[in-house]
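Open the model in your viewer and keep the selection tool at hand. We will go stop by stop.

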Amino acid sequence: GLVNDPEIILMDEPTVGIDPQSRNKIYQLVTDLKNKGITILYTTHYMEEANKLCDKIAIIDRGRIMITDNPKLILKKYGVIHITYKLEKRVKKDFINQLYKLKSIVDVKENNKELIIISSCCNENIELIDNIRKVSKKNNFKMSLINIIEPTIENIFLEITGRSLRDIT
């Protein structure tokens, strides 16, 4: 398909069922073709692959385009961050209300001696964590940061299309 120097190439799931060496070779080929200015329509079920290779992603569900944009913009627009803290004691409602007042906080959940803070903020994690720390200190409340889960294209795909298996009929 590359012999005649095409302007557009369709690659339909080229990395399904192949070994890591061949996959890396395909990634390099796609990158080289992009650098030559060739347009590539690349279909894949591997979200990390789409994020790595594509300048623009379309998430399609049941034949409909749900969203389409640059992967970084999709992460920024639709992604959420989960920040988990270990608690020494239960949190007070006033403390949670103060957290909700912070920029970009979407949800706060207390669960089994853990506080999970969900934020729509994708580029200001350090500032957000510092602001959470300030609220904690102001309330004389001790908690320890144990985990930060950054958004991924796969998480966004699952949120948009649903997480349950579907019958294909």
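Which residues does Ile-57 touch, not counting residues up to four places away in sequence? Select Ile-57 and look around its side chain. This is a predicted model. Ile-57 touches Ala-50, Asn-51, Ile-67, Thr-68, Asp-69, Pro-71, Ile-74 and Ile-153.

**Stop 1: the largest core**

Together with Ile-57, they touch the most other members of the largest nonpolar core, which has 20 residues. E1, H1, E2, H2, strand E3 (57-61), helix H3 (71-78) and helix H6 (153-161) each supply at least two of its residues. H1 gives the largest share, 4 residues. In soluble globular proteins, nonpolar side chains tend to be buried together.

A second, separate core has 18 residues. To find it, select Ile-83, Leu-102, Leu-128 and Val-135, which are among its members.

**Stop 2: helix H1**

Select residues 20-35, which form helix H1. At 1.5 Å a residue, these 16 residues should span 22 Å, and the end C-alpha atoms are 23 Å apart, which agrees.

Show the side chains of Ile-26, Tyr-27, Val-30 and Leu-33: these are buried. Turn the view to look down the axis of H1. The buried residues fall within an arc of 130°, so they line one face of the helix. An α-helix has 3.6 residues a turn, so residues three or four places apart point the same way. On the other side of H1, find Gln-21, Lys-25 and Asn-35, which are exposed.

What covers the buried residues of H1? The cover includes strand E1 (8-12), strand E2 (39-43) and helix H2 (47-53).

Now check the ends. Asp-19 caps the N-terminal end of H1, with a side-chain oxygen 3.1 Å from the backbone nitrogen of Gln-21. After H1 comes Gly-37, with a positive phi near 90°.

**Stop 3: Ala-50**

Move to helix H2 and pick Ala-50. Is Ala-50 buried or exposed? Ala-50 is buried, with a relative accessible area of 6%. Leaving aside neighbors within four places in sequence, Ala-50 is in contact with Thr-44 and Ile-57. Then draw a distance to Arg-64: the two C-alpha atoms are separated by 18 Å, and the residues are 14 apart along the chain.

**Stop 4: a hairpin**

Finally, select strand E6 (residues 105-111) and strand E7 (residues 114-119). These strands pair in the antiparallel sense over 6 bridges. Asp-107 stands opposite Ile-118 in E7. The hairpin has 2 residues between the strands, and Asn-112 takes a positive phi near 55°.

Key:
Residues are numbered from 1 along each chain as its sequence is written. This is a predicted model: local features need pLDDT of at least 70, side-chain atom pairs count only at pLDDT 80 or more; totals for chains, interfaces and linings use all residues. Side-chain values use heavy atoms; hydrogens and water are left out. The expected span of a helix is 1.5 Å times one less than its number of residues. Buried means under 20% relative accessible area, exposed over 50%, partly exposed in between (1.4 Å probe, protein chains only). The arc is that of the directions from the helix axis to the C-beta atoms. Contact means heavy atoms within 4.5 Å. A polar contact is a pair of N or O atoms within 3.5 Å; within protein, one must be able to donate a hydrogen and the other to accept it, and residues adjacent in sequence count only if both atoms are side-chain atoms. Two strands pair if DSSP finds at least two bridges between them. A nonpolar core is a set of buried Ala, Val, Leu, Ile, Met, Phe, Trp, Tyr and Cys residues joined through side-chain atoms within 4.5 Å.
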